[in-house]
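Subject: Structure for your review

Dear colleague,

Please find below the structure that I am handing over to you.

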Amino acid sequence: MLRSGRLQVTQGEVVLTELTRGAVLGELGLLTGAVRSASVSAVRDSRLVHLTQEQFAGFATLDVMTSLARGLATRLQEIAPPPVSRTRGADVVVAVVALDDGAPVDACSQALVAHLRTHLRVAVPGQVDREGLERAERDADRVVLTADGRDAAWRDLCLRVADRVVVVSGGPSPSADALPTRARGADLLLTGPPATRAQRAQWEALLTPRSTHVVSGDVAGGTRALAARLAGRSLGLVLAGGGARAFAHLGVLDELESAGIVVDRFAGASVGACVAGLAATGADAAEVDAQIYEHFVRANPLGRFTLPTKGLVSGRQTVAELERGIGDVLVEELPHEFRCVSVDLLNRKEVVHRSGRVAHVVACSLRLPGLFPPFPYGGTLHVDGGVLNNLPVSALSRDEGPLVAVSISFGGSGRPPGAPERTGPPRVPALGDTLMRTMMLASGSAAEQAIAGADLVLRPQAVGVGLLEFHQIDRMREAGREAARAALPQLSALVFR
C-alpha cells in the first residue's frame, strides 16, 4: 500500500499506469500466489506498507470470501490490461531547482506559486522532512519546494521526492557537469542574457526539456505558461491536415482569440502543421491568416506541375514559401510548444518533430505522396504525416491541460446538409482528393484513437471543397468560425473551469 510518492507499473517498455498515494499493488499475486504480471518502479522517493501473506492469512478467515477473491483475481490476471495513461494532475510535488548561483530561483518559484494559487490549493512548506512533506501533500493540490545551490543535501532531496522538476538557469549556456540526473526531461526556465541558437541547441541535446520558457524582466509573464502546464490548465490545439479544407483552422484561431481563450501548445499534420507552426511563433490570428493567404493562396506553390517522375509538384517553391513565411526560427526557440508529425519513409514509422527549423519540419509534414516527392531531412526521407496520423493528439500531453482537436473530413457523399440525395453514379473526385482519401485509409484507426484522446473535437463543414482549391479560403475560414462558435460553451467549460 503506497503511503507517499509515485510508482510506475510497466510490462516491458509499455507503461500501464502510475500509482499515487493510497494505491494498493500486488494484491492479485498475494491472493493467487502467481508470478507478478507487471513490474513496478519508483518514479520518486516512495514509502510503502508491506502486507505479507502470513499477515493476510491472519485476518482473512472467511473461506468463502477468500475463495471468491481468488477466483476473481485469477480471472483478472487472465485479461491483458490495456495501456493506461497517468491520471491528470498526478504531479503533486513540484521542485524548483537552481542550476547555478546566478539563477533567480526564489523569484521564479514565487511567481509560479502565485499563478498556481489562482486555480489550486498550493502548499509551500519550506525545508521539511518526509513526514512534513506527506502532511503538505494531504492538505494541498500542489506542493512547491525550492532549492538553490547552497544546500546540496536539500537540493538532492527535492530532486528525489519531486513528481515534476523545474530547473532555473541564470546563464544562457548549460554546463553538463552541473546538471543533476533528474534535470533531464525537466521544465527549463532560462533567465539572464538571451541564449544564442547554439546554446539553445545545447540545452535541447543535454536536457531534452519537457518545456522551455524564457524569463526576462517580467518574471510573472515569463512563468505564466509553465504554471498553466503545472496546474493542468494549459490548452493544447491539434490541427488536422486536409489541403485547402484545413484553412478552417484560421477561423477556429480567430474565434478562440475573440473569446479570450489562450492556446499554449500546438500540434498539427500537413497544412494543419503549417497553421500550427505559424501560431506557435506568437503571431495572432490575423497575422497567421495573412501569412497563409500570401504564401498559399496568392503564391499558390502547388500550381506549378512538373513531369511526374518523383511527384506532380516538385515542392521546391513550397519550401521557399514556408521559409519566407516562417523564417529560419527553430522549434526550440518558439514561445509556444509546437509539434508536427511526418512519416519516415525509409524506416516506415511516424516521427514527431520537436526540434529543427520550423519551415523544414513543416515541409516534412506537407509531403502528400504522389503529389510531392519525399522530403530529404535528417538523413532520411519524409512524407505527409497524415499517412499514419492526420490528427496528432498524442503529440501533446493530456497531463498538462485539455486538448482540443480540429478534425477535417475527407469522405462522405459530397452532399451539403439538407440538400436532396444525389441520384445516378457517384461523382469522381479530383486527383488531389483521390490521393488524400486513399492516404487516409491507412490512418483511419489512428484517427479514431486520436479523437478519443481529445477532450473536445471540432468538425468544420468541408463538403464541396477540394484538396487544392485554395481559392475557397473564405468559405473554409467561415466553416471554422461556425464550428468554434458552436463549441464555445464547451470550450469555456474546459478552459475557465
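Which residues do ring pairs link into a cluster? Please bear in mind that this is a predicted model. The cluster consists of Phe247, Phe296 and Phe470, joined by ring pairs.

**The aromatic cluster**

The structure contains 2 aromatic pairs. In the pair formed by Phe247 and Phe470, the ring centres are 5.4 Å apart and the planes stand at 50 degrees, so this pair is classed as tilted. An angle over 60 degrees would be needed for an edge-to-face pair. Phe247 is found in the loop between strand E12 (236–239) and helix H9 (248–258), while Phe470 is found in the loop between strand E19 (456–458) and helix H16 (473–486). The pair thus links distant parts of the chain, 223 residues apart. Both Phe247 and Phe470 are buried.

The other pair is made by Phe296 and Phe470. Here the ring centres are 6.0 Å apart and the planes are at 75 degrees, so the pair is edge-to-face. Because Phe296 belongs to helix H11 (residues 285–298) and Phe470 to the loop between E19 and H16, this pair ties together parts that are 174 residues apart in sequence. Phe296 is buried, as is Phe470.

**The open sheet**

I would next draw your attention to a sheet. How many strands form this open sheet, and in what order? There are 3 strands, in the order E3-E2-E4, and their pairing is antiparallel. Strand E3 (14–19) and strand E4 (39–42) stand at the edges; each has a single partner strand, so one side of each is left without a neighbour in the sheet. On average, neighbouring strands of this sheet are turned by 30 degrees against each other, direction ignored. In general, strands of a sheet pair through backbone hydrogen bonds, in either a parallel or an antiparallel manner. Strand E2 (residues 7–11) is joined to E4 by 4 bridges, and the two run antiparallel. Within this part of the model, Val9 stands opposite Val40 in E4.

**A nonpolar surface patch**

Finally, Met1, Val24, Val49 and Leu51 make a nonpolar surface patch of about 300 Å². Met1 lies in the segment before strand E1 (2–4). Is Met1 buried or partly exposed? Its relative accessible area is 41%, so Met1 is partly exposed.

Yours sincerely,

A colleague

Key
Residues are numbered from 1 along each chain as its sequence is written. This is a predicted model: local features need pLDDT of at least 70, side-chain atom pairs count only at pLDDT 80 or more; totals for chains, interfaces and linings use all residues. Side-chain values use heavy atoms; hydrogens and water are left out. Two strands pair if DSSP finds at least two bridges between them. Axes are lines fitted to C-alpha atoms, for helices over the stretch in contact, and angles run from 0 to 180 degrees between N-to-C directions. Rings of Phe, Tyr and Trp (its six-membered ring) pair if their centres lie within 6.5 Å; planes under 30 degrees apart count as stacked, over 60 as edge-to-face and the rest as tilted. Buried means under 20% relative accessible area, exposed over 50%, partly exposed in between (1.4 Å probe, protein chains only). Patches are made of residues with over 30% relative accessible area and no salt bridge: like charges are joined within 9 Å, nonpolar side chains (Val, Leu, Ile, Met, Phe, Trp, Tyr) within 5 Å. Accessible areas come from the Shrake-Rupley method with a 1.4 Å probe; for residues, only the protein chains shown count as cover. A salt bridge is a side-chain nitrogen of Lys or Arg within 4 Å of a carboxyl oxygen of Asp or Glu.
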